[in-house]
Amino acid sequence: MKKFLSLPDVFLVLALICCSSWTVWSSSSCKQINIKEVRPHSVSITEFGAVGDGITLNTKAFQNAIFYLNSYADKGGAKLFVPAGRWLTGSFDLISHLTLWLDKDAVILGSTNSEDWPVVDPLPSYGRGRELPGGRHRSLIYGCNLTDVIITGNNGTIDGQGSIWWSKFRNKTLDHTRPHLVELINSTEVLISNATFLNSPFWTIHPVYCSNVTVQNVTIIVPFGSPNTDGIDPDSSDNVCIEDCYISTGDDLISIKSGWDEYGISFGRPSTNISIHRLTGRTTSAGIAIGSEMSGGVSEVYAEDIYIFDSKSAIRIKTSPGRGGYVRNVYISNMTLINVDIAIRFTGLYGEHPDDSYDRDALPVIERITVVNVIGENIKRAGLIQGIKGDNFVDICLSNITLNVSKNNPWNCSDVKGYSELVSPESCEQLNERIFPDHVSNCYKLPYIIKSSDVIKSSSNRNKVAWLQSW
């Protein structure tokens with residue numbers, strides 16, 4: 001039986017990580033947005049009749065407040081202040097040039113009545129609701145075609161009260177796809193920070209068709225048994241920065257997506273320039289995932305300083321024949337894993353299609369995936385890396401990885417091709433050709449790192465360890 005970490009153990013491990021000789025705990029890596037900048041106008045939700053007793057439905061108050069504040073959108077914007085209290089509401093829209101500010105003792109509660117979450121059209125890159133054909137319930141906090149939107153405060157809470165939705169999913173009584181907690185569509189200059197998100201009905205934070213998104217200093221907690229409750233899912237979005245987050249969910253902590261099968265291929269908007277820094281979390285699924293909906297393409301993903309514990313897997317790429325698209329140029333560095341079933345998992349036959357019209361010959365391209373500087377304790381299996389027959393995943397590069405593995409056969413690989421260096425236990429045959437000296441250029445970011453570090457290239461382990469640890 002897996003032994004889970006106690007809270008003191010977690011704090012001890014975090015302290016050890018912070019002191020690790022190769023972990024870089026830097027200041028903010030995201031573009032800085034001044035959340036303390038004073039908006040020209042500010043109102044409290046109480047000015048519009050809201051009652052923070054956890055019983056009174058305040059949907060109209062939120063809608064009326066934001067309708068009023070819209071008159072200031074072209075005058076520098078406005079702030080909607082949510083004071084201490086428990087503010088029950090259905091779905092409401094945000095506007096451009098708005099700061100939604102939560103007091104530290106403020107809790108926005110999602111209504112448990114599904115009628116308070118309107119049904120909207122499916123996303124064009126999905127063609128239907130993700131769970132059921134047709135429309136989908138709108139998120140609790142929703143915005144479309146916006147710019148300059150901030151959700152922040154003094155670590156207030158947004159609680160989706162998702163258990164009613166999880167029960168409907170399990171009992172197969174859903175009429176439409178479940179809602180996300182926060183969804184922003186086709187928006188730019190978005191900041192979500194200094195807040196706690198609880199009990200999302202479905203995915204928690206979902207920026208889709210967005211640019212210039214920052215998510216920092218947030219906590220996301222959903223029970224382990226809750227279905228499909230991803231943490232943060234950048235979807236057909238670019239220039240997304242996620243940092244300093246703690247996430248514990250019933251599904252992937254972060255899942256990068258870009259549309260589903262023929263709809264994602266046709267829509268053709270990739271997710272690119274996604275950076276993740278200083279993520280800590282636990283999950284019944286993956287710490288950092290790409291897919292399975294990746295038909296518009298995913299590239300230029302950079303993740304560093306990641307701590308995953310008590311989880312099923314740390315890194316996962318999910319795809320399938322029919323997806324098309326690509327996953328390329330992914331670089332993951334400085335990971336610490338404790339009590340993880342599978343450290344690295346790639347799945348080429350994930351399945352799940354929106355309908356029978358998908359193109360079975362649309363094969364995904366998976367290439368140039370680099371994972372370096374990983375340590376792990378109490379790991380069951382180092383890697384389960386399975387491509388697609390006739391469509392190998394290529395240029396998979398693993399370096400400076402040390403895992404304490406309990407399985408007798410730590411690696412299981414098929415239909416993949418790549419390289420490795422300083423990996424323990426030794427990687428599978430398909431990946432054990434050495435990176436040095438002939439295949440450095442096949443590995444994403446390695447040539448740049450070697451050049452920028454001014455290290456004399458050498459085949460000796462001592463020199464290789466030196467420059468690996470300098471990353």
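**Cavities, a sheet and ring pairs in a predicted model**

Visitor: Which residues line the second largest cavity?

Guide: The residues that line the second largest cavity are V182, E183, L184, V190, I192, I205, H206, P207 and V213; a cavity here is a set of points on a 1 Å grid over the protein atoms alone where a 1.4 Å probe fits but cannot get out, and lining residues have an atom within 4 Å of a point. This is a predicted model, in which local features need pLDDT of at least 70 and side-chain atom pairs pLDDT 80 or more, while totals for chains, interfaces and linings use all residues. Residues are numbered from 1 along each chain, and side-chain values use heavy atoms, without hydrogens or water.

Visitor: Which strands supply that lining?

Guide: At least two lining residues of the second largest cavity come from each of strand 13 (182-185), strand 14 (188-198) and strand 15 (205-208), strands being DSSP runs of E with at least two residues and helices runs of H or I with at least four.

Visitor: Is I151 buried or exposed?

Guide: I151, which lies in strand 11 (residues 147-153), has a relative accessible area of 2% and is therefore buried (under 20%, with exposed over 50% and partly exposed in between, 1.4 Å probe, protein chains only). Beyond its neighbours within four places in sequence, I151 is in contact with residues including L94, I141, V182 and I192 (heavy atoms within 4.5 Å), and its C-alpha atom is 8.4 Å from that of L98, 53 residues apart along the chain.

Visitor: What about Y209, where does it lie?

Guide: Y209 lies in the loop between strand 15 and strand 16 (211-221) and is buried at a relative accessible area of 6%. The C-alpha atoms of Y209 and S237 are separated by 4.9 Å, although these residues are 28 apart along the chain, and the contacts of Y209 include I185, D235, S237, F267 and R269.

Visitor: How many aromatic pairs does the structure hold?

Guide: The structure holds 9 aromatic pairs, meaning ring centres of Phe, Tyr or Trp (its six-membered ring) within 6.5 Å, with planes under 30 degrees apart stacked, over 60 edge-to-face and the rest tilted. The W117 and W165 rings have centres 5.7 Å apart and planes at 75°, so that pair is edge-to-face. W117 is buried at 1% relative accessible area and W165 is buried at 2%.

Visitor: Why does the pair of Y302 and Y331 count as stacked?

Guide: The Y302 and Y331 pair is stacked because the ring centres are 5.3 Å apart and the planes stand at 10°. Y302 lies in strand 21 (residues 298-318) and Y331 in strand 22 (residues 326-347), so the pair ties together parts 29 residues apart in sequence. Y302 is partly exposed at 26% relative accessibility, whereas Y331 is buried at 2%.

Key:
1 Å grid on protein atoms, 1.4 Å probe; cavity = no way out; pocket = protein on both sides within 12 Å on 5 of 7 lines; lining within 4 Å.
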